[in-house]
Amino acid sequence: MDKIKIFKALADQSRVRIIQRLMESPMYVEALAERLELSPSTVSFHLRKLLDAGLVEKEKDQYYVLYSLKEEILSMSLSEILVADEMELDADDKREENYRQKVLDSFFKHGKLKSIPVQRKKRKIILDKLVEAFEYDKEYTEREVNIIIADFHDDFATLRRELVIEKLLDRKNSIYWRLPQN
């Protein structure tokens, strides 16, 4: 079930009117067009959107196609539609991990950072990787931080500043420590 398609399908007044008519009984395109005072081609267009969203189903009846509502979708509450399936969440997690690995593979070569990404999302992935070199519950001098970061890239000052900006490290009086992540 594609929630976005469902909401997009319901965001059109003509499609809502078609659903209201189909709630009365299954109908043919021509009957819907006549009752809604729309052209059959317009009704067919909207029915394709409703079919694609899974809100309507069709059945061949001799020479015509009979459209009816998919009761199992339309009888769901809004919260049931909005709650993501575990499979969807797993797929999203897998896509995110694949993207993360692709970024890491693109920017690291033999454990060294080739360049600092300009795009914020990619830079955050790189910084998340860099901060793994720091232990929790340990304080570091600025010099120690610079040495650790320099193992990855020569521009340790920029990366140190970015780690603080992204709240991966914190500092006070030139002493740094790793912050817990959510």
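**Burial, helix packing and ring pairs in a predicted model**

Reader: Where does Ser14 lie, and which residues is Ser14 in contact with once its neighbours within four places in sequence are left aside?
Author: Ser14 has its place in helix H2, which covers residues 13–24. With the neighbours within four places in sequence set aside, the contacts of Ser14 are with Leu38 and His46.

Reader: How are the axes of helix H3 and helix H4 arranged, roughly parallel or roughly perpendicular?
Author: Two packed helices are described by the angle between their axes and by the distance between those axes. For H3 (residues 29–36) and H4 (residues 40–53), the axes come within 9 Å and cross at roughly 110°. Angles of 65 to 115 degrees count as roughly perpendicular, so the arrangement of H3 relative to H4 is roughly perpendicular.

Reader: What is the handedness of the crossing of H3 and H4, which residues make the contact, and how many of them are nonpolar?
Author: H3 passes H4 in a right-handed crossing. On the H3 side the contact is made by Val29, Leu32 and Ala33, and on the H4 side by Pro40, Val43, Ser44 and Leu47. Sorted by class, this contact has no charged residues, one polar residue and, as the number of nonpolar ones, six.

Reader: How many aromatic pairs are counted, and of which kind is the pair of Phe108 and Phe152?
Author: The count of aromatic pairs comes to three. In one of them, the ring centres of Phe108 and Phe152 are 6.3 Å apart and the ring planes stand at 85°. Planes over 60 degrees apart meet the cut-off, so this pair is edge-to-face.

Reader: Where in the chain are Phe108 and Phe152, and how many residues apart are they?
Author: Phe108 counts as buried at 15% relative accessibility, and Phe152 counts as buried at 19%. The pair links distant parts of the chain, with Phe108 in strand E4 (residues 108–109) and Phe152 in the loop between helix H9 (142–150) and helix H10 (156–165), the separation being 44 residues.

Reader: What is the angle between the ring planes of Phe134 and Tyr140?
Author: Phe134 counts as buried at 1% relative accessibility, and Tyr140 is buried with a relative accessible area of 4%. Their ring centres are 5.1 Å apart, and the pair is edge-to-face because the planes stand at 90°.

Technical notes
Residues are numbered from 1 along each chain as its sequence is written. This is a predicted model: local features need pLDDT of at least 70, side-chain atom pairs count only at pLDDT 80 or more; totals for chains, interfaces and linings use all residues. Side-chain values use heavy atoms; hydrogens and water are left out. Axes are lines fitted to C-alpha atoms, for helices over the stretch in contact, and angles run from 0 to 180 degrees between N-to-C directions. Helices (H or I, at least four residues) and strands (E, at least two) are DSSP runs, numbered from the N terminus. Angles under 35 degrees count as roughly parallel, over 145 as roughly antiparallel, 65 to 115 as roughly perpendicular and the rest as oblique. A crossing is left-handed if the near helix is turned anticlockwise from the far one by less than a right angle, and right-handed if clockwise. Contact means heavy atoms within 4.5 Å. Ala, Val, Leu, Ile, Met, Phe, Trp, Tyr, Cys and Pro count as nonpolar, Asp, Glu, Lys and Arg as charged, and the others, Gly among them, as polar. Rings of Phe, Tyr and Trp (its six-membered ring) pair if their centres lie within 6.5 Å; planes under 30 degrees apart count as stacked, over 60 as edge-to-face and the rest as tilted. Buried means under 20% relative accessible area, exposed over 50%, partly exposed in between (1.4 Å probe, protein chains only).
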